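Let's read a structure together, one feature at a time. Have a look at it first, and then we'll talk.

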2 protein chains.
Amino acid sequence: VPGDADATRRRLLQAATDEFAAHGIAGARVDRIAAAAGSNKAQIYHYYGSKDALFAAVFDTMVEQNVAATPLDVDDLPEYAGRLFDHYEAYPHVQRLATWHRLERGGVLLDSVLASNRAKIAAIADAQAQGRLTIRWAPAELLGLVLQLAELWHGNVPEFDSLVASATRQHRRSVVVAAVAAIVRD
Amino acid sequence: VPGDADATRRRLLQAATDEFAAHGIAGARVDRIAAAAGSNKAQIYHYYGSKDALFAAVFDTMVEQNVAATPLDVDDLPEYAGRLFDHYEAYPHVQRLATWHRLERGGVLLDSVLASNRAKIAAIADAQAQGRLTIRWAPAELLGLVLQLAELWHGNVPEFDSLVASATRQHRRSVVVAAVAAIVRD
């Protein structure tokens, strides 16, 4: 029945998300994903065709959720960065999957991300033209700075993380928000 | 003769650097490294013992060069970030190798990096205590912000990079320097 197939696909995607986040594409094992999902390799290849295609399905799903959960607010970029921080805290796999994507699929440009970035850059340019936002940075640069600062605490750098382990989540969020505020100040 | 062995090791390290930067640890192939270095797998295992140990040799060498080439200047953090940017431009493998290290060796804390970060944090704290540097950020946070902003243009995010491809190197450097200046402004 269709319900069963949907449930199987959901379990497969969740197991694949965990496996890819931990090991990347080259390091992931389809048989581990199958075991974790109570499925088998033949079923995975039937649904998705290949390990690469399974990663693409996992990543596209994550990107859509990410973009939908964190709409840009050009009139409050510090708080926008704070909400990105919240999202990374809630979904710790996001940064790792995005990083594997960058490293292992260097040639793959995601149209959805590209379109989302273009729309954000246009919104920033509009707000600048209307005098609602500092013009000290080009629109794309400002977006880049905000995204970079939002990721401050989620770079998975153990030699840095171990030195700031005592900072609370609320404090770490406040640093991100204050840093973006410093960037957008005229 | 020792000279030959040194030259062979240098060729192996260079070939391994290229291979690991492109493919990571799981994706790297020792036979490709051997072919690129005019060597063979037996010789690599003789010198380094394993693929993981070869990555460690590559990465430790890179980290030492990185730390030596970019000493911290607490009295001019914007220009320090600019010099980090210059280093990433000159050695494009640095960010990719560091990212593979984070992803594939999550549990490995490099003592040399940890010691370097501790020394930098102490230097920032000293400068703050002497009134030479803003106290709006904790020392470790300020170091984290500077390092994060220095990496602005080297995150290997194609969906962002393609939108800013026209920015010159000099301009990209000036954005990093200006962003850190905004952060350290009181």
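Q: What does the side chain of Asp73(B) reach?

A: In general, a polar contact is a pair of N or O atoms within 3.5 Å; within protein, one must be able to donate a hydrogen and the other to accept it, and residues adjacent in sequence count only if both atoms are side-chain atoms. Here, the Asp73(B) side chain gets to the backbone nitrogen of Asp75(B), at 3.0 Å. Keep in mind that this is a predicted model, where local features need pLDDT of at least 70, side-chain atom pairs count only at pLDDT 80 or more, and totals for chains, interfaces and linings use all residues. Side-chain values use heavy atoms, leaving out hydrogens and water, while residues are numbered from 1 along each chain as its sequence is written, and chains are lettered from A in the order in which they are written.

Q: Where in chain B is Asp73(B) found?

A: Helices are DSSP runs (H or I, at least four residues), numbered from the N terminus. Asp73(B) sits in the loop between helix H4 (51-69) and helix H5 (77-90) of chain B.

Q: Which residues is Asp73(B) in contact with, leaving aside neighbours within four places in sequence?

A: Contact means heavy atoms within 4.5 Å. By that rule, with those neighbours left aside, Asp73(B) is in contact with Tyr80(B) and Arg83(B).

Q: Is Thr99(B) buried or exposed?

A: Buried means under 20% relative accessible area, exposed over 50%, and partly exposed in between (1.4 Å probe, protein chains only). Thr99(B), in helix H6 of chain B, has a relative accessible area of 13%, so it counts as buried. Asp73(B), at 28%, is partly exposed.

Q: What is Thr99(B) in contact with, beyond neighbours within four places in sequence?

A: Thr99(B) is in contact with Thr99(A) and Leu103(A).

Q: How many residues does the contact take from chain B and chain A, and what area is buried between them?

A: Buried area is the accessible area (1.4 Å probe) that two parts lose on being put together, summed over both. For chain B and chain A that area is about 4,000 Å², with 68% of it from carbon and sulfur atoms. The contact takes 47 residues from chain B and 47 residues from chain A.

Q: How many salt bridges and polar contacts cross that interface?

A: A salt bridge is a side-chain nitrogen of Lys or Arg within 4 Å of a carboxyl oxygen of Asp or Glu. Between chain B and chain A, the rule finds 0 salt bridges, but 5 residue pairs in polar contact, both at pLDDT 80 or more. On the side of chain B that touches chain A, H6(B) gives the most, with 7 residues.

How values were computed
Helices (H or I, at least four residues) and strands (E, at least two) are DSSP runs, numbered from the N terminus.
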